[in-house]
Amino acid sequence: MRYGTLSPEALVEHAQNLGVKRLALTDINLISGVYDFVKECKAAGIEPVVGVEFRNGDELRYICLAQNTEGFAEINQHLSTHLLTETPFAIQAPNFNNAYVIYPIEVLSTYNRLKPHEYVGVGHWQFNALFRFRSQLEPAKAVAWQPVTFLDRPNYNLHRLLRAIDHNALLSKLPVTAHATVHEHFMPPTELLKRFEAYPKMILNTERLLGNCEFVFDNEAPKNKRVFTSSAADDLELLQKLAYDGMLYRYGKNHKEAKKRVDRELGIINELGFGSYFLITWDIIRYARSRGYYHVGRGSGANSMVAYCIGITDVDPIELDLYFERFINPHRTSPPDFDIDFSWDERDEIIDYVFKRYGRDHVSLMATYNTFKGRSIYRELGKVFGLPKPEIDDLINNPSTVKHRNEHTQYIFKYAPMMIDFPEHLSIHAGGILISEEPMYRYSALQPMPKGFPICQFDMYVAEDVGFAKFDVLSQRGLGHIKTCVDIVRENHKVNIDIHAVQDFKRDPKIRQKLVEHETMGAFYVESPAMRQLIWKLRCDNYLTLVAASSIIRPGVSASGMMQEYIKRHHNPASISYIHPKMEELLQETYGVMVYQEDVIKVAHHFAGLTLAEADVLRRAMSGKYRSKKEFQRIVDKWFVNCRERGYPDDIAKEVWRQIESFSGYSFSKAHSASFAVESYQSLYLKAYYPREFMVAVINNFGGFYNTEMYAHEARRYGARLEAPDINLSLHLTRIEDRTIWLGWIHVQGLENRSIDAMLKSRTEEGDFVSFQDFVHRVPLGLEQMSILIRMGAFRSFGLSKKELLWEAHFFHHKAPKTVNMGTELFEWEEQKFDLPPLESHWLEDCYDEMELLGFPLDSPFKLIAETPTSKLTASQLIHLVGKRVAIYGYMVTYKAIRTKNHKNMAFGYFIDHEGEFFDTTHFPQNIEKYPFRGKGVYYIVGKVVEEYGFPSLEVFFMRKCELKPDPRVSGNVRTNALN
């Protein structure tokens, strides 16, 4: 990476054009391209040879070629050892049993006792060196060496640019040793033979060596760990027992439909050999539960009744009419996977368990290929050519201008497009884990990542191609909110909550009321302004409607106009006009609108007559998870051919296809939406019964969609009293005591962790602080850290003003000996009394301190504006003023800027009124240009009230940000126009 200029596809295509019959791929310290290379070679009738080129930085040590799959495993194991331990490669390669080693000719100056499997590679430009090493090199040990790094001169230049980027060096300063020679192009075999005609023995050696290499890999055989217990039969027996026990818990006795579906699923699982996959997933979750961790099982795996019964998911497939074949079926073109979410702060421990439980040699995280894209390419090339940053910025922001254009910028514009989608480096897949039966080095080298868990060197597409079914272990903050809240409730109220009693939650009237009132802030996936609007417009009051809402909020559905159509049909199903009777039959549940991935499969199979396998390819392509453009295009063509054969008019076939196409990259499976809705219900249960504790949990997991200020505001809406951090009552994180919430020290900007640790340690060991001077003598803090605590009001319980405390802090700081830390006195100290003149304070000073140190004021922001409000309008009154022009004051919560189809700017705003209630605004292009958002603060807004399905909002005509009352401490009484 950042070296070669040819993809495996381009390399093989060129080899085929030149008539090459056998070709070796040896990437530098990498095997990422091997499987794509082998596939392309087989399709082109070329015999593939695979290996690795081992280098320490720019220094070539040797090239290894695998004689067979055993040799490939040996090479991977050797590469893994050095990558994982970050040790350089020695001059001499290890004693491979099934791999050849080819050294550069220069090695003969230090090492010349070649073993039977070792050779020396000689390039046609190195013939002079043969004379130098004639006594050390036996003729039988020399092979022709023609590396291929580029095809032509422009590719050679691109290669040098990649090397300069890799070295973070100016192109003009790039060392010769850092890039390939000009000879490393793809030479036709006839020309290569002519170059070596004086050395026929070398050609024979080369042909014999390559002829002894064969890479036969079985892509069809499953590579996952085959059994969880001691045999497949025992796996099935255990899975059956767990499923039957879970079925009793989920459905009670004698549920015929559940029994029928469980038995049918167990048969398919056994037939396809996925018993161990289910049991390993169950084992991971069992460990998490033993540690008190929560999880959410989602993705297509939530279609499974067995997964529901054994506790992998909390989604009831019977209730939602989910079909198992969406997860596993003999026609499915890709292996299934479970998506298992854990809390953001617990996931690493779960992954660590998997590595320890199943063995580090058999487990790896999956890789992704980070590629060169967009502006970053121009930025990297700008640095390579030595352009100043302002010129690079101008190049990116104003590519059509002629300013600063020169020979270098011409090169940048020429080569930047050539670099698009070039692999730059390997990164970690969001959650994919591979657990193999054989050691992982049989398939890939492993390399370290910053968190300590190794990755393989291929991505999810290659993993599927070679027969792996991945386990997705993911993380999110929503589960952290739930777990923390349950823990707080247990500690403060002595109540143990069964957060998995989802069926009870679905029938709970208090949760239903929260949905009806769209009181969803803090609740997983349903708290954003857009989702709150959708719930409001749908008048959502039940689980099934929320499942649909969780999917139609996705960009693909909403951007296609189908979200609006769904809402309209939801309120008036009798007026629905289906595009075709078959579409009514397939999509009656969703009013003729494609909402879920399953809808794509149903329509493709039953409407257009595609096979289930083709429908699954289409579904995956629409989700951005399929790579073969040729196969996809074949299916697209077949869609329209089949539609014509079935007698559908072209306009109907095109419209149905347009709806499918709009899903691209954004659609959810129904089971996925259902899993999210389950977690939303769990969050809403906690908000309905323990709203203040729930908001503390959200704050302590560092929020969700909003910032800490808004969750603190929400806690106040539910009756909490919010307090700034107190020296004796606050902890590292926020805590709640009865109705009082004490903000945690972690929220104080500029306060160092070591200061927090020192305060809490002293309080734990010696008890509460009794005075400011007691604190000064016990905790050794510098003046800056002490000042932050004073300005935060941390010592307010001691009865001294901030100015008096700051005076004392300076006194003790200057008095203390420089060689002795305050807090380490050997003798008892005495409280000193100070006779200070009156020092005036103002409540506004506290507000400005809070804005600086917390990021927001604890008092109402409306008290801080300099003007006297001319409107008392509230959010609750808007619904009664539809069509009227109104003025309202609002404190900005957030806003979303978008681009219209005409590429103009517009925005959606979200505000709270002076009573603390929320309202929404729409800013069309002509107004957002005149009256843009100017950061956090209170705005005076004029607009027209509009309403859609009972949801009121404001179309803004005019908006200005209100100035604040000045900080009394600022000389000249200067006003400020910002809250932060």
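**View 1. Strands β8 and β11 pair in the parallel sense.** Five bridges link β8 (residues 339–343) to β11 (residues 471–476). Strands pair if DSSP finds at least two bridges between them. Helices (H or I, at least four residues) and strands (E, at least two) are DSSP runs, numbered from the N terminus. Aspartate 339 stands opposite aspartate 472 in β11. Helix α18 (residues 478–493) lies across β7, β8 and β11, at about 50° to β8. Contact means heavy atoms within 4.5 Å. Axes are lines fitted to C-alpha atoms, for helices over the stretch in contact; angles run from 0 to 180 degrees between N-to-C directions.

The model is predicted: local features need pLDDT of at least 70, side-chain atom pairs count only at pLDDT 80 or more, and totals for chains, interfaces and linings use all residues. Residues are numbered from 1 along each chain as its sequence is written, and side-chain values use heavy atoms, without hydrogens and water.

**View 2. An open sheet has five strands.** Their order is β7-β8-β11-β10-β9, with mixed pairing. β7 (295–298) and β9 (363–371) are the edge strands, each pairing on one side only.

**View 3. Helices α14 and α16 pack together.** α14 (residues 374–384) and α16 (residues 407–419) make an angle of about 130°, with axes 9 Å apart. The two are therefore oblique to each other. Angles under 35 degrees count as roughly parallel, over 145 as roughly antiparallel, 65 to 115 as roughly perpendicular and the rest as oblique. Ile377, Tyr378, Leu381 and Gly382 in α14 meet Ile412, Phe413, Tyr415, Ala416 and Met419 in α16.

**View 4. Five strands close into a barrel.** The order is β15-β16-β17-β19-β18, and the pairing is mixed. Antiparallel strands β16 (residues 905–912) and β17 (residues 918–923) share six bridges. Isoleucine 912 stands opposite phenylalanine 918 in β17.
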